[in-house]
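This report describes a two-chain model, with attention to confidence, chain contact and packing. The sequence and structure are shown first.

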Amino acid sequence: MFYAGIFSFLALLLIASAWYAIRQKDLLYGVIATGVVSLILSVMFLLLQAPDVALTEAAIGIALTTIAFVITIRNTERYENDKVESGFQNKTKEE
Amino acid sequence: MKRFLVIFLMLALGFYLIQALHFVPFGANRMGAPADKKTVAAFYLNETVPQTAVANVVTAIVVNYRGFDTLGEVTVLFLATTGLASILYKRRDEEETERVSKPSSTILQTGAKVLFPLVVILGVYVFVHGHLTPGGGFQGGAIIATGFLLMLIAYQKYHLSHSMLTWVESLAGILFVSIGLWGLITGGTFLENSWFPKGTLNSLISGGAIPIIYIAVGFKVAAELTGVLDILLSTKDDKSASNIQQ
């Protein structure tokens, strides 16, 4: 019962942070939220007795993917723009 | 219109998934209990340790029984790295010396210097002990790549020689494939590892060729991911440099 409680709490937290990552207009916050999703997922894998998968998720999901997205955001734009859809149009608009 | 198409596709997918899975009771163990000798799970759990002398059954499956899939995964990673490099690498040598981004803080620099060896040692531990404890080549390689990432972020001048990374990656890949081919020549199947002394269970030297393959995979993954991050970070410097010039 205790185990199931912890697990459902983690699952709700996972869905909440995934939702936040989708809805957030500031992409940096969104990327951090995706990192949180990976962190919770890694803990859940550990609880499900899959330590190998948990390690992979921890190393790649939390660290490498998040950092790669942060670097990409530094190269491009931080805020999501509703009006302009594709990146190409966005660039022409800037110029 | 597009939205309706997406909804229709999702409904079709859901329909076929339900049709394939509706007769399985929710939460049922489809792989079968280990007590039932006929299932795949029972085979792996009962036969892995006597056959390969590997304590971590997951490693034995990933590297030996399903070793060909692992080779495919490593190849996919290699192709992804090559594609990324072919898109981004060209910009790097245009402005080699110009560094415009601000240097990082002393805290980050000192912390990186302290943490870097520890992170690399942890990564090496994870992939060397892949057949004994959870973890293995992919995980260890990714951990080592995070260590290099720390150094790349902390020190602007820190650069890795790409030819060295390519050599490490290629040699590790060649080692993996040649062990597999040697198994094909001597044992009859790809990655057959009965030609190698098994060693004793639960000791560092056990499992035949499995630790060697995982060490090769670890080096390969570490070199690939580090190369990706180095290329990404180098592009940042050049981009910001060109922005300022405009």
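How many residues does the contact take from chain B and from chain A?

## Basis of the model

This is a predicted model, in which local features need pLDDT of at least 70 and side-chain atom pairs count only at pLDDT 80 or more, while totals for chains, interfaces and linings use all residues. Residues are numbered from 1 along each chain as its sequence is written, and chains are lettered from A and ligands numbered from 1 in the order in which they are written.

## The contact between the chains

The contact takes 17 residues from chain B and 13 residues from chain A; two residues are in contact if their C-beta atoms, placed from the backbone, lie within 7 Å. On the side of chain B that touches chain A, α6 (137-154) and α8 of chain B each supply at least two residues. The largest share of that side, seven residues, is contributed by α6(B). By class, the side of chain B that touches chain A holds ten nonpolar, five polar and two charged residues. Here Ala, Val, Leu, Ile, Met, Phe, Trp, Tyr, Cys and Pro count as nonpolar, Asp, Glu, Lys and Arg as charged, and the others, Gly among them, as polar.

## Confidence

The model scores ipTM 0.79 and pTM 0.81. For chain A the average pLDDT (the predictor's confidence in each residue, from 0 to 100) is 85, and 85% of the residues score at least 70. Confidence in chain A is lowest in helix α4 (residues 87-94), with a mean of 48, and highest in helix α2 (residues 27-47), at 94. Residues 89-95 of chain A have a pLDDT below 50, and beyond near neighbours in sequence this stretch has four contacts in the model.

Chain B has a mean pLDDT of 83, with 86% of its residues at 70 or more. The pLDDT is below 50 over residues 241-246 of chain B, a stretch with four contacts in the model beyond near neighbours in sequence.

## Architecture of chain B

Chain B has eight helices and zero strands; helices (H or I, at least four residues) and strands (E, at least two) are DSSP runs, numbered from the N terminus. Among the contacts in chain B with a separation of 6 or more, 70% are accounted for by residues 24 or more positions apart. Of the 246 residues in chain B, 31% are buried. A residue is buried if 20 or more other C-beta atoms lie within 10 Å of its own, exposed if 12 or fewer, and partly exposed in between, with C-beta atoms placed from the backbone.

The domain assignment, which is automatic or from a database, gives chain B domain 1 (20-52) and domain 2 (55-245). Five residues of domain 1 of chain B are in contact with eight residues of domain 2 of chain B. The side of domain 1 that touches domain 2 has three nonpolar, two polar and no charged residues.

In α6(B), 16 of the 18 residues are buried.

The largest nonpolar core has 46 residues, of which Ala142(B), Ala145(B), Ile213(B), Val217(B) and Leu229(B) touch the most other members. Such a core is a set of buried Ala, Val, Leu, Ile, Met, Phe, Trp, Tyr and Cys residues joined through C-beta atoms within 7 Å. The elements giving two or more residues to this core include α3 (51-75) of chain A and α7 (162-186) of chain B. The largest share, 15 residues, comes from α8(B). Leaving aside neighbours within four places in sequence, Ala145(B) is in contact with Leu64(A), Ala222(B), Leu225(B), Thr226(B) and Leu229(B).

## Individual residues

Val62(B) lies in helix α3 of chain B and counts as buried because it has 23 C-beta neighbours inside 10 Å. Val62(B) and Tyr214(B) are 152 residues apart in sequence and 9.7 Å apart in space, C-alpha to C-alpha.

Most residues other than glycine have a negative phi. Ala53(B), in the loop between α2 (40-52) and α3 of chain B, has a positive phi of about 55 degrees. Asn202(B), in the loop between α7 and α8 of chain B, has a positive phi near 70 degrees. Ala53(B) is buried, with 21 C-beta neighbours inside 10 Å, whereas Asn202(B) is exposed, with 12 other C-beta atoms within 10 Å.
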